[in-house]
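Here are my notes for your first look at this protein. Keep the structure open and go through the points in order.

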Amino acid sequence: MKVKTISRLESDYVATRSGDLNRMPRNADPALHPFERAREYTRALNATKLDKVFAKPFVRSLSGHSDGIYTMARSRTAVCDFVSGAGDGEIRYWDLSTGICKWAIPAHQGMVKGTGFAAGGDVIVSAGSDSTIKLWEAESSCNFAMGEVPEPLHTYVSKSPVLDMDCHWSEPMFATGGTSIDVWHHERSKPLQTMQWGLDTNGSIKFHPIEKHLLASTCDDRAIVLHDTRAGTPVRKVVLNMRSNCLSWNPMEAMNIVAANEDHNLYTFDIRKMDSAMNVHKDFVAAVMAVDFAPTGREFVAGSYDRTIRIFKYNAGHSREVYFNRRMQRIFSVQFSGDAKWVLSGSDEGNVRLWKANASDSVGTMLPREKRSKEYRDKLKERYAHMPEIRRIARHRSLPRAITKATRIKREIKDASKKREDNRRRHSKPGSVPFEKERKKKNCYNYGMIVRQNQECLSNCTTWGWLFCWRSSWNSDLVMLLWFTVLITYGLSI
């Protein structure tokens with residue numbers, strides 16, 4: 001005779017600790033829970049309010065520099081290692097987990113213009129306005145407590161003052177920007193390549209994280225230029241209305257790059273089609289000085305001359321978070337940590353500040369039950385983010401009076417400009433004043449890409465060939481006029 005019985009494990013229903021709740025079976029049929037949406041909305045509203053209550057983004061200040069901090073770089077192999085460079089020529093090597101400075105070296109006679117970690121992570125590269133580039137051992141054996149100062153592994157001398165420097169992601173190479181773009185190898189005392197488009201100074205340069213032969217730079221003529229290190233020539237150039245101060249590649253979407261501009265905005269470009277920006281990121285009220293993508297590629301941080309730091313989603317036009325401090329001055333460098341949980345900022349009063357990427361996150365270790373509860377609250381906030389009350393609370397920020405006033409003035413100027421354009425369109429012939437997209441207003445002109453199919457085309461290309469090797473969409477009288485002006489100015493023979 002077979003007897004069927006119900007078998008249940010006691011641990012599945014009985015609380016393991018005195019403070020836990022007993023687990024009860026639940027039927028997920030919506031007909032049995034008519035007030036489920038109302039309860040979830042209330043929980044989402046409470047979770048949004050609690051985020052505001054527990055929002056404490058500032059973690060610590062890493063002091064020690066005696067001048068403004070104008071460059072920072074994180075290690076690509078170690079999460080906790082990063083280096084900072086100051087205006088007095090000093091570089092400092094930090095441990096992010098403890099906040100301790102491992103060593104400090106007076107590296108240059110002038111300002112430190114660029115810092116970075118070599119591909120292996122064991123060598124630090126620094127470049128200064130004294131036209132020197134130096135390699136330093138990250139884990140030096142010198143006794144810094146006794147005042148010993150290590151000697152650089154190598155020293156390179158540039159022909160002009162260096163304005164920026166970036167290290168290659170996979171090879172022992174680095175590039176410097178000044179009157180020209182110089183590509184250096186660790187084992188050579190002179191640059192391998194020198195690239196230039198016009199006579200303008202190159203401000204910010206960045207190697208592509210995936211396409212190892214691609215290099216982007218900004219120029220004083222308001223341009224963003226792409227260079228190909230295989231051919232040693234620039235390949236594409238786009239000119240904006242104002243100068244760009246910094247660049248950052250998206251590490252997950254290799255075709256996208258973000259530029260921090262003097263007109264208070266950031267622009268995301270697709271390098272395959274640079275006729276117009278993919279996205280315009282707003283909210284700053286002064287020039288944007290620095291930008292850096294998170295390793296996840298889903299968001300980036302930017303620092304501005306208005307003394308604020310803002311975190312943007314990669315596809316959002318407005319910031320999701322803004323940080324400021326009463327003592328913090330103008331921001332010249334920002335960095336995401338290697339695990340995308342922290343944000344570093346360097347300002348011109350000499351402090352490196354550590355912030356949370358999510359202001360309400362807990363710093364300590366979370367129990368599994370706390371993690372599940374947090375994930376549930378995050379899902380509720382995402383589900384009901386469109387509700388007016390939740391959206392209002394989530395977007396509210398208390399900002400300094402100067403920034404609030406500047407934001408209001410910018411809004412009034414924008415509204416007045418829009419009203420003038422609407423009036424002009426209303427009193428003009430239909431179609432004579434067309435609607436222009438905001439993303440296309442910011443580009444003066446895209447100078448396209450020089451097409452080289454193979455090495456034979458490169459060797460046999462004449463002046464007329466360079467003139468007509470442009471995409472047909474840019475073939476216009478303006479292009480011809482610009483090119484003839486260039487040919488006459490630089491004395492090229494046709």
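1. Start with what a patch is. A nonpolar patch is made of residues with over 30% relative accessible area and no salt bridge, whose nonpolar side chains are joined within 5 Å. Keep in mind that this is a predicted model.

2. Now find such a patch. L50, V53 and F54 form one on the surface. Together they have about 300 Å² of accessible area. F54 sits in the loop between α1 (36-53) and β1 (58-62). Is F54 buried or exposed? F54 has a relative accessible area of 51%. Exposed means over 50%, so F54 counts as exposed.

3. Turn to the second largest pocket. Its volume is about 1,100 Å³. The lining has 50 residues, and the closest to the pocket centre are M72, D164, S204, K206 and C246. By class, the lining holds 24 nonpolar, 16 polar and ten charged residues.

4. Which strands build that lining? Those that each supply at least two residues are β2 (69-74), β6 (112-117), β10 (164-167), β14 (202-207), β18 (244-249), β22 (288-293) and β26 (331-336). β6 gives the most, with six residues.

5. Next, the charged pairs. How many salt bridges does a search of the whole structure find? The search finds 24.

6. K102 lies in strand β5 (residues 100-106) and D81 in strand β3 (residues 81-86), so the bridge ties together parts that are 21 residues apart in sequence. K102 is partly exposed, with a relative accessible area of 32%. D81 counts as buried, at 13% relative accessibility.

7. D275 is partly exposed at 23% relative accessibility. K273 is partly exposed at 48%.

8. Finish with K374 and D361. Their side chains meet in a salt bridge at 3.8 Å, N to O. K374 is in helix α2 (residues 368-383), while D361 is in the loop between β28 (352-356) and α2, so the pair ties together parts that are 13 residues apart in sequence. K374 counts as partly exposed at 25% relative accessibility, and D361 counts as partly exposed at 24%. This pair belongs to a network: salt bridges that share partners join D51, D361, K374, D378 and K381.

Methods: Residues are numbered from 1 along each chain as its sequence is written. This is a predicted model: local features need pLDDT of at least 70, side-chain atom pairs count only at pLDDT 80 or more; totals for chains, interfaces and linings use all residues. Side-chain values use heavy atoms; hydrogens and water are left out. Patches are made of residues with over 30% relative accessible area and no salt bridge: like charges are joined within 9 Å, nonpolar side chains (Val, Leu, Ile, Met, Phe, Trp, Tyr) within 5 Å. Accessible areas come from the Shrake-Rupley method with a 1.4 Å probe; for residues, only the protein chains shown count as cover. A salt bridge is a side-chain nitrogen of Lys or Arg within 4 Å of a carboxyl oxygen of Asp or Glu. Helices (H or I, at least four residues) and strands (E, at least two) are DSSP runs, numbered from the N terminus. Buried means under 20% relative accessible area, exposed over 50%, partly exposed in between (1.4 Å probe, protein chains only). On a 1 Å grid over the protein atoms alone, a cavity is a set of points where a 1.4 Å probe fits but cannot get out, and a pocket is an open set with protein on both sides within 12 Å along at least five of seven lines; lining residues have an atom within 4 Å of a point. Grid points are joined across faces, edges and corners, and a volume is the space filled by probe spheres set on the points. Ala, Val, Leu, Ile, Met, Phe, Trp, Tyr, Cys and Pro count as nonpolar, Asp, Glu, Lys and Arg as charged, and the others, Gly among them, as polar.
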